[in-house]
Amino acid sequence: MKPVLVFLLICSGVAGELKLASYYGDHMVLQRGPQRAVMWGKAKVIGDEVTVEVSGAAAVKTKVVNDPSGTEGLWKVKLPAVTDPGPHTVKVTSSEGEITLSDVLFGDVWVCSGQSNMGFALSRVINASAEITEALKFKNIRIFKVGQVESPSPLEDLENVSTPWTAPTEDTVSSFSAVCWLFGEYLYPHRNYPIGLVEAAWGGTPIETWSSPDALAKCPEHQVSGPKTKSAAWNAMINPLLDLTIFGAIWWQGEGGVPKRYQCQFPAMIQDWRQKFGAASEGETDAAFPFGFAQLAANKKTDEAGFFPEQRWAQTAGFGFVPNKKMPQTFMAVAMDLPDYNSPYGPIHPRYKQDVAHRLVLGARAVGYKEPGVKFHGPFPKTFSLDNDQQTLKITYGPNNPLDVLNNHGFEVCCSSQSTTKCADSDEWVAAPITDQDTNSVSVSVAGCESKSPVGLRYEWRMSPCDLKDCAIYGKDTGLPAPPYIKENGFN
């Protein structure tokens with residue numbers, strides 16, 4: 001599909017000098033009540049009255065004001081809170097003309113952003129033909145794809161729209177983000193009202209590209225070279241969307257990050273997105289909107305640790321799980337157990353997007369929608385008990401997530417020859433096979449430390465720690481994998 005130039009080729013979005021921003025159009029989803037959707041556009045006559053009317057709701061009016069950033073005037077209005085899904089007609093009128101949008105639905109709008117694994121198309125997943133056929137059944141899920149554009153300064157509106165708002169068709173859904181689409185498809189039966197999905201992704205982009213200068217200022221400086229420079233995608237692909245009232249966002253990015261920096265940058269970016277979406281929509285987008293992400297998946301088949309384990313830990317701001325105090329209202333899909341070593345798109349691009357989307361939806365239901373009783377975490381260690389006589393370490397998990405132990409490997413202990421309880425860089429990590437298990441705990445052998453003292457523990461601390469869905473620990477009730485874990489400060 002050819003890119004759509006803003007304001008010019010969206011046939012229902014222009015009437016004389018009265019214009020709508022690029023992401024308003026026929027077939028779109030606007031955010032449902034109790035949030036109020038925001039609409040805005042341009043006009044020539046300063047002070048002119050603009051009336052916006054949603055079928056079945058009261059009309060709202062606003063004035064055209066001077067726009068310091070350009071030669072045209074600017075108008076912006078909050079629509080009434082609409083819970084009737086529609087379809088609706090939206091009429092925008094002024095002395096300069098009338099614009100009518102048809103087949104407009106009201107539901108929840110989610111932004112899907114990141115790099116190539118978020119941009120990975122539905123046509124590339126495992127069982128792609130069946131997935132595309134299934135997708136065509138969901139006519140109340142609508143998609144919109146932002147074109148890949150960079151800018152050295154913030155843009156007011158999108159310069160490129162790759163796919164205007166549309167119900168799924170074979171062509172449009174095939175090239176749309178697989179994780180984004182499947183997230184919407186799996187979420188839909190639990191909401192039973194329209195879902196709007198906005199893809200804004202670009203392969204190979206670092207987090208700095210998606211971060212505003214305000215977010216970057218919160219963390220140590222990190223220069224980015226090349227075509228995708230600091231804030232370039234934020235300026236051109238996210239900043240223009242800020243007026244669009246949204247419900248939440250999902251994210252897949254970080255394969256090329258620097259863990260120590262990412263541990264600061266990621267929470268800072270999330271906080272900044274929330275603040276700016278909330279402010280631009282005059283509080284209609286929740287300033288603590290739910291934000292989900294995929295933890296880094298496996299890559300090539302190797303026993304090397306690489307930097308992926310540290311980066312996965314950094315994605316949680318050093319907690320190992322979310323939400324946490326540095327990352328409230330977040331949820332995560334663990335993906336390290338989904339390797340695709342023979343992916344024709346390279347092992348960095350696994351085709352098992354269905355599993356990632358399923359895990360994200362569990363988090364969205366629990367964190368974003370506050371559905372009671374939805375388990376969205378794999379098992380996570382709570383307490384440790386070291387038995388030096390038996391040379392074992394007992395790891396106890398939470399009581400509400402019984403374990404399914406698939407094999408006895410994946411754990412390692414840090415062995416220290418120093419009189420310390422902290423694992424040092426010079427200390428050795430050795431395998432700690434599982435020797436015993438019960439409903440909520442496993443015991444691992446620390447005999448590999450020999451005369452040294454076990455002072456640390458890590459779990460699945462490898463770039464590609466296991467074959468497909470074959471890591472050691474899963475939730476028995478949920479099938480969700482335990483996330484990677486590291487503890488380096490002893491077991492007292």
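## Salt bridges

A salt bridge is taken here as a side-chain nitrogen of Lys or Arg within 4 Å of a carboxyl oxygen of Asp or Glu. In this predicted model, Asp214 forms such a bridge with Lys276, the closest N and O atoms being 2.8 Å apart. Because Asp214 lies in helix α5 (residues 213-216) and Lys276 in helix α7, the pair ties together parts that are 62 residues apart in sequence. Asp214 is partly exposed, with a relative accessible area of 47%, whereas Lys276, at 15% relative accessibility, counts as buried.

The structure holds 20 salt bridges. One of them joins Asp243 to Lys76, with 2.7 Å between the closest N and O atoms; since Asp243 lies in the loop between α6 (232-238) and β14 (248-252) and Lys76 in strand β8 (residues 73-78), this pair ties together parts that are 167 residues apart in sequence. Asp243 is buried, with a relative accessible area of 16%, while Lys76 counts as partly exposed at 26%.

## A charged network

Glu412 and Arg462 also meet through their side chains in a salt bridge (3.0 Å, N to O), and the pair links distant parts of the chain, with Glu412 in strand β20 (residues 411-416) and Arg462 in the loop between β24 and β25, 50 residues apart. Glu412 is buried at 9% relative accessibility, and Arg462 is buried with a relative accessible area of 18%. Through shared partners, salt bridges join Asp303, Glu412, Arg458 and Arg462 into one network.

## Arg32, a buried charge without a salt bridge

Arg32, in the loop between β3 (29-31) and β4 (38-43), is buried yet has no salt bridge, and the nearest side chain of opposite charge, Asp108, is 5.1 Å away. That distance lies outside the 4 Å limit, which is why the two residues are not counted as a bridge. Arg32 does lie over the face of Tyr193, at 3.9 Å from the ring centre, and, leaving aside residues up to four places away in sequence, Arg32 touches Val82, Thr83, Phe106, Gly107, Asp108 and Tyr193.

## Aromatic pairs

A pair of aromatic rings is described by the distance of the centres and the angle of the planes. Tyr262 and Phe266 are both buried, and, being four residues apart in helix α7 (residues 259-280), they are separated by about one helical turn. Both belong to one aromatic cluster, whose members include Trp210, Trp234, Trp251 and Trp273.

The structure has 29 aromatic pairs. Tyr262 and Phe266 form a tilted one, at 5.4 Å centre to centre and 40° between the planes. The rings of Trp313 and Trp461, by contrast, have their centres 6.2 Å apart and their planes at 65°, so that pair is edge-to-face. With Trp313 in helix α8 (residues 308-314) and Trp461 in the loop between β24 (453-459) and β25 (473-475), the pair ties together parts that are 148 residues apart in sequence; both residues are buried.

## Nonpolar cores and an enclosed helix

Of the 104 residues in the largest nonpolar core, Tyr24, Met39, Trp75, Phe411 and Ile473 touch the most other members. Apart from that core lies another, of 47 residues, among them Tyr188, Phe247, Ala294 and Val374. The contacts of Ile473, leaving aside its neighbours within four places in sequence, include Pro379, Tyr397, Leu403, Phe411 and Ile434.

Helix α9 (residues 353-368) has 15 of its 16 residues buried, so the helix is largely enclosed by the rest of the structure. Lys353 lies over the face of Phe120, at 4.5 Å from the ring centre, and α9 is followed by Lys370, whose phi is positive, near 60°.

Technical notes. Residues are numbered from 1 along each chain as its sequence is written. This is a predicted model: local features need pLDDT of at least 70, side-chain atom pairs count only at pLDDT 80 or more; totals for chains, interfaces and linings use all residues. Side-chain values use heavy atoms; hydrogens and water are left out. Helices (H or I, at least four residues) and strands (E, at least two) are DSSP runs, numbered from the N terminus. Buried means under 20% relative accessible area, exposed over 50%, partly exposed in between (1.4 Å probe, protein chains only). Lys and Arg count as positive and Asp and Glu as negative; His and the chain ends are not counted. Contact means heavy atoms within 4.5 Å. A nonpolar core is a set of buried Ala, Val, Leu, Ile, Met, Phe, Trp, Tyr and Cys residues joined through side-chain atoms within 4.5 Å. Rings of Phe, Tyr and Trp (its six-membered ring) pair if their centres lie within 6.5 Å; planes under 30 degrees apart count as stacked, over 60 as edge-to-face and the rest as tilted. A charge sits over a ring if NZ of Lys or CZ of Arg is within 6 Å of the ring centre and within 35 degrees of the ring normal.
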